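Here are a few friendly notes to read alongside the structure. Take them in any order you like, with the viewer open.

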Amino acid sequence: MIRLILDEAAAGFEQDIRELVGEFYPGEDFEIRANGKVWLSNASQEEKNALKAARESGTATAVNKKSTKNSAKMTGFLTPEGAPDGSITRTIEVKGETLPLTGQRKTDKSVIKGALYDKLSLETGKKLPWGDLTGIRPVSLVTPYLEADTEEDEIRCALKEEYRLEGEKLDLILDIARREEKVLDTIRKRTGSSYKDGWSLYIGIPFCPTRCLYCSFLSNTIDLWEKRLPDYMAHLREEIRLSIQEMCGRLGKPLQTIYIGGGTPTALNEQWLKTLMDILHEEVDFKNVVEFTVEAGRPDSITREKLEILKAAGVTRISVNPQSFNQKTLDLIGRKHSVESVIETYYLARSVGFDNINMDIILGLPGEKLPEVTHTLCEIARLKPDSLTVHSLAIKRAARLTLERDYWAGIYRAGDEQEILKETEANAYTSASQQDFHYPEITRMMLASEYTAELLGQNPYYLYRQKNMAGNLENTGYSLPGKECLYNILMMEERHTVIGCGAGTSSKIVFPGATYDTRRVERIDNGKSIPEYLDHFDKYFKRKVQMFSEI
C-alpha cells in the first residue's frame with residue numbers, strides 16, 4: 001500500500017494525485033492522509049454506486065464472498081488510524097505549499113500534477129504515454145487552440161509544458177481534433193444548421209442476454225425485467241415526448257442524432273423492439289436527424305426480423321461487436337455466443353442493407369496476448385467493417401473481474417498472464433535515454449490495431465480514456481471517411497446538448513459560451529439502477545422538467 005501525505009494546498013486534488021501516482025505504481029492500494037482524515041479506499045463514488053446497484057439487483061451477492069477484503073475497500077471502508085506502518089510500501093508527500101500556486105483551481109492542479117509527474121518520472125525512470133493527464137477527454141485540450149488559430153508548434157509547446165504530453169499521443173489528438181471539426185461540419189452541409197444549434201437524444205436500454213465478466217455498466221439480464229417492460233417503455237415515451245416538446249418546440253433546436261445504447265438494445269424481443277421504434281416515430285420528427293445509431297452489439301441478441309425492424313425504422317448505423325475472435329476468451333468472459341455467430345450476424349446485417357457497421361474489440365482480456373489479438377484483427381480485416389472501436393480494458397470495481405479478484409488472479413497465473421488489476425505493464429515506458437526501451441505487450445496490441453485500421457482505410461476520429469486502463473492507454477474509434485459516428489464526437493467532446501432517457505442515463509446541457517473554453521456544462525442523471533428509475537420515475541421526471549425550465 002502507498003501512503004500519500006497531502007498538505008493543505010494539495011488536499012483539494014486528492015483524486016487527481018491518486019490517479020497519477022496509480023499510473024506509476026499500477027495495481028497499488030492507497031492510504032491518503034489530508035486535513036486530519038484518512039481514506040483507505042480506491043473506489044470513486046461512481047464505482048460505489050455501481051456496486052450498490054449490483055447488490056440491489058442481486059447480481060453481487062455471490063461474488064462478494066470471493067473477496068471480502070476487496071469488497072470492504074469498495075464500500076468505502078474507513079478507520080481513524082489508517083493502515084499499519086508495516087503495510088506501507090512507499091510514502092509520497094505532495095507539498096503544494098512549496099509550489100508556485102495562484103489560487104486558481106485549474107492552474108494550481110496543473111502545477112501540482114506537473115511537479116508530481118516530474119518527481120515520479122525521475123524516481124521510477126518511466127514516462128507515461130499520456131504525460132500527467134488523468135482526464136477522459138484529451139482531444140478537448142486541443143480544441144481551444146484550433147478555435148484561436150494557434151500555430152501547431154505553439155500548441156505542442158503549451159501541452160508539453162502543462163501536461164508533460166508529447167510524442168505519438170500528442171500527434172494522435174492533434175490529428176483527431178482537426179478531423180472532428182471536418183466531420184461535424186457534415187451536419188451543416190446536410191441540414192443547413194450547425195451542430196452548435198442542435199441536440200442529440202440518447203435512449204438507454206439497460207438489458208443484456210448475459211452479463212460480461214468485465215462489465216460495470218447498469219445492465220441486467222433481460223429475463224429479470226420482462227414483466228416491467230411495459231412500465232419501462234411508458235416512461236421512455238414520457239421522457240422522449242417531454243424532450244422533443246422542450247428542445248424542438250419551445251427552444252427551436254433541431255434534433256440531429258439519435259443513439260440507442262445499453263446494455264444491448266437488441267436484447268429486447270421483436271415485439272418490444274418494434275414498440276420502441278414506433279414510440280420514436282410517433283414522438284419524433286426525423287426531418288433533421290442525420291444519424292440514427294442502435295448498438296446491436298451481441299450477436300446472440302440479433303435476428304433477421306430485428307434487423308429488418310431497425311432498417312425499416314431508419315436506423316443508419318449499428319454495431320456487431322465480437323470483442324474477441326477467440327472462442328476460449330468469449331467463453332471465459334461470459335459471452336454466450338460463438339465466433340462463427342459473429343461472422344454470420346455481420347453478413348446477415350449486410351444482406352438486410354446496413355452499410356455502416358461498427359465492430360468493437362477489447363485489448364487486455366483475460367488470457368489474451370498479442371497472437372490472440374492479431375488473430376482477432378485478421379478476422380476483422382477479412383470482414384471489413386465500416387468502423388472499428390478499439391478499447392483498452394478498463395477494470396471497474398463493480399465488474400465481476402474485480403469483485404472476484406482472488407479467483408481471476410488464479411486464471412491469469414494459470415494462463416501465464418500477469419493480473420490485469422496490477423497492470424500488466426508495471427515496468428512499461430522506461431526512460432527514452434535507456435537503450436533497451438521497448439513497447440509493452442498491451443501497447444503492441446494497440447499498434448497492431450492501428451495498423452489494421454490503416455490497412456482498412458480507416459482514420460482515428462474520436463478518443464477517450466477511463467480509469468484503470470490497461471497500459472495507461474485509451475479507447476479509439478477508427479472509421480472509413482463518411483462513416484464516423486457523429487454522436488460519439490458530440491457526446492464525448494460535449495459539443496452540444498445530449499438528453500438521456502431511460503434508467504442509468506444522464507443528460508448534459510451545454511450552455512453556449514464565446515469560446516469552447518467558456519461554455520458551461522450541467523449534468524442531470526436518471527438514477528443509478530433500474531428499480532430506482534422505475535419506482536421513483538416521477539422524481540426523475542420532475543427533475544428533468546426543472547432542468548428544461550432553466551435552459
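**Notes for a new reader**

1. Let's begin with a cysteine: Cys 248 has a relative accessibility of 29%, so it counts as partly exposed. Please keep in mind throughout that this is a predicted model. Another cysteine to look at is Cys 485, which is buried, with a relative accessible area of 0%. As for disulfides, the structure holds 0 of them.

2. Next, have a look at the backbone around Gly 262 and Gly 263. The peptide bond that joins these two glycines is cis, with an omega of about 5 degrees. To find the spot, go to the loop between β8 (255–262) and α10 (270–283), where Gly 263 sits.

3. Arg 164 is worth a visit for its backbone too. Its phi is positive, near 60 degrees, and the residue is something other than glycine. You will find Arg 164 in the loop that runs between α7 (152–163) and α8 (168–191).

4. Glu 494 has a relative accessible area of 9%, so it is buried.

5. Now move to Arg 179, which belongs to helix α8. At 19% relative accessibility, this arginine counts as buried, because the cut-off for buried is under 20%. What does Arg 179 touch, once its neighbours within four places in sequence are left aside? The contacts are Asn 459, Pro 460 and Tyr 461. With Pro 460 there is a polar detail to look for: a polar atom of the Arg 179 side chain lies 2.6 Å from the backbone oxygen of Pro 460.

6. Finally, a pair of helices. Helix α14 (residues 370–383) packs with helix α17 (residues 441–455) at an angle of about 15 degrees, and their axes are 10 Å apart. Angles under 35 degrees count as roughly parallel, so that is how α14 and α17 are described. The crossing of α14 past α17 is right-handed. On the α14 side, the residues that meet the partner helix are Leu 370, Pro 371, Val 373, Leu 377 and Ala 381. Facing them in α17 are Glu 441, Arg 444, Met 445, Ala 448, Ser 449 and Thr 452.

Conventions. Residues numbered from 1 in each chain as written. Predicted model: local features only at pLDDT ≥ 70, side-chain atom pairs only at ≥ 80, totals over all residues. Heavy atoms only, no water. Helix = DSSP H or I, 4+ residues; strand = E, 2+ residues; numbered from the N terminus. Buried < 20%, exposed > 50% of the residue type's maximum accessible area, 1.4 Å probe, protein only. Disulfide = S-S within 2.5 Å. Polar contact = N/O pair within 3.5 Å; in protein donor to acceptor, adjacent residues only side chain to side chain. Contact = heavy atoms within 4.5 Å. Axes fitted to C-alpha atoms, helices over the stretch in contact; angles between N-to-C directions. Parallel < 35°, antiparallel > 145°, perpendicular 65-115°, else oblique. Left-handed = near helix turned anticlockwise from the far one by under 90°.
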